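Visitor: Hi, I'd like to walk through this one with you. Can we just chat our way around it?

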Amino acid sequence: MHSGVLRGARDFWADAPVLCFSEATETARRAMLCDGVGSRGPYEPWGVVLDRQKLIQAGARPVLYLSKEELDQTETLLRRLRNRRVRYDPGYSDWLHEREWRLCFEEGQTPELAVTREFVVGIIVGAPNWLPPPRTAAAEEVAADLHAGVQSARAELESLKAMTTELPDFQSISVSVSAAGIKFASAADRLARWYGNRDDLVPDGVFDMREQQMRAAQLGQRSGFEVGWSFEFLGREEVR
């Protein structure tokens, strides 16, 4: 929720990053969250709910459940097909309840999917009214944000200076740039939230990250830096 992306990784059999999803039925979901499956116990009630059709358009497909022998026989498949394989041996390696889908990436491709409202429907949380906690940015990150803000402000000033040639009564421009040391999970803002209480998923409103920022500001938790300029126009051609 802070980075704004879901990141893929290699699994047990994939030789390039993959992003894994579950299309579990309602019955399977309740079993996974309440009773658990096999010896691993209940799944923790935290998750990202995504739009199925958008994932299909992005290239996600159901995995191929194969025996060990079939895995050995399909090593020559194209990488995206090969990395959709999951071992299936009843009683030993059985993950059918997850009804897994995968988005497979090529080697060297950035294994990320943006957390946007186009893909993400909402978030399942393990505590009611939960919000992603703010984090403290590293000094290098704050400096980079400030530098990017200064560059953008300079470009904006050049554009404004060009416009003022047609405004003889225009006298000054003030511009400020700031970079906060406290970061908020803006990707979660306005997404639906469901509380997983072990029995079911309970609607729990939406993430209001702006309210969280306002509360933090009232408590003085928005430490950072600010840079400002003030320009006075003495005439059409002269700027100080």
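Visitor: Where does Tyr-88 lie?
Guide: Tyr-88 sits in the loop between strand E6 (85-87) and E7. Strands here are DSSP runs of at least two residues (E), helices are runs of at least four (H or I), and both are numbered from the N terminus. Keep in mind that this is a predicted model: local features need pLDDT of at least 70, side-chain atom pairs count only at pLDDT 80 or more, and totals for chains, interfaces and linings use all residues. Residues are numbered from 1 along each chain as its sequence is written, and side-chain values use heavy atoms, with hydrogens and water left out.

Visitor: Why does Tyr-88 count as partly exposed?
Guide: Because its relative accessibility is 26%. Buried means under 20% relative accessible area, exposed means over 50%, and partly exposed is in between (1.4 Å probe, protein chains only).

Visitor: Which residues does Tyr-88 touch, leaving out those up to four places away in sequence?
Guide: Tyr-65, Leu-66, Ser-67, Ser-93, Asp-94 and Leu-96. Contact means heavy atoms within 4.5 Å. As for Lys-68, Tyr-88 is 20 residues from it in sequence and 7.4 Å from it in space, C-alpha to C-alpha.

Visitor: OK, sheets now. What order do the strands take in the open sheet of three?
Guide: The order is E2-E7-E4, with antiparallel pairing. Two strands pair if DSSP finds at least two bridges between them.

Visitor: Why is one side of E2 left without a neighbour in the sheet?
Guide: E2 and strand E4 (61-62) are at the edges with a single partner strand each, so one side of each has no neighbour in the sheet.

Visitor: How many bridges join E2 and E7?
Guide: Five, in the antiparallel sense. Cys-20 has Arg-102 in E7 as its bridge partner.

Visitor: And which order does the open sheet of four strands have?
Guide: That one runs E3-E9-E13-E14, with mixed pairing. E3 and strand E14 (201-206) are its edge strands, each pairing on one side only. Inside it, strand E9 (residues 120-125) and strand E13 (residues 192-196) pair in the parallel sense over four bridges. Ile-124 stands opposite Trp-194 in E13.

Visitor: Last topic: which helices and strands each supply at least two residues of the lining of the largest pocket?
Guide: Strand E2 (18-22), helix H1 (26-35), strand E3 (47-50), helix H2 (52-58) and strand E7 (100-104). A pocket is an open set of points on a 1 Å grid over the protein atoms alone, where a 1.4 Å probe fits, with protein on both sides within 12 Å along at least five of seven lines; lining residues have an atom within 4 Å of a point.
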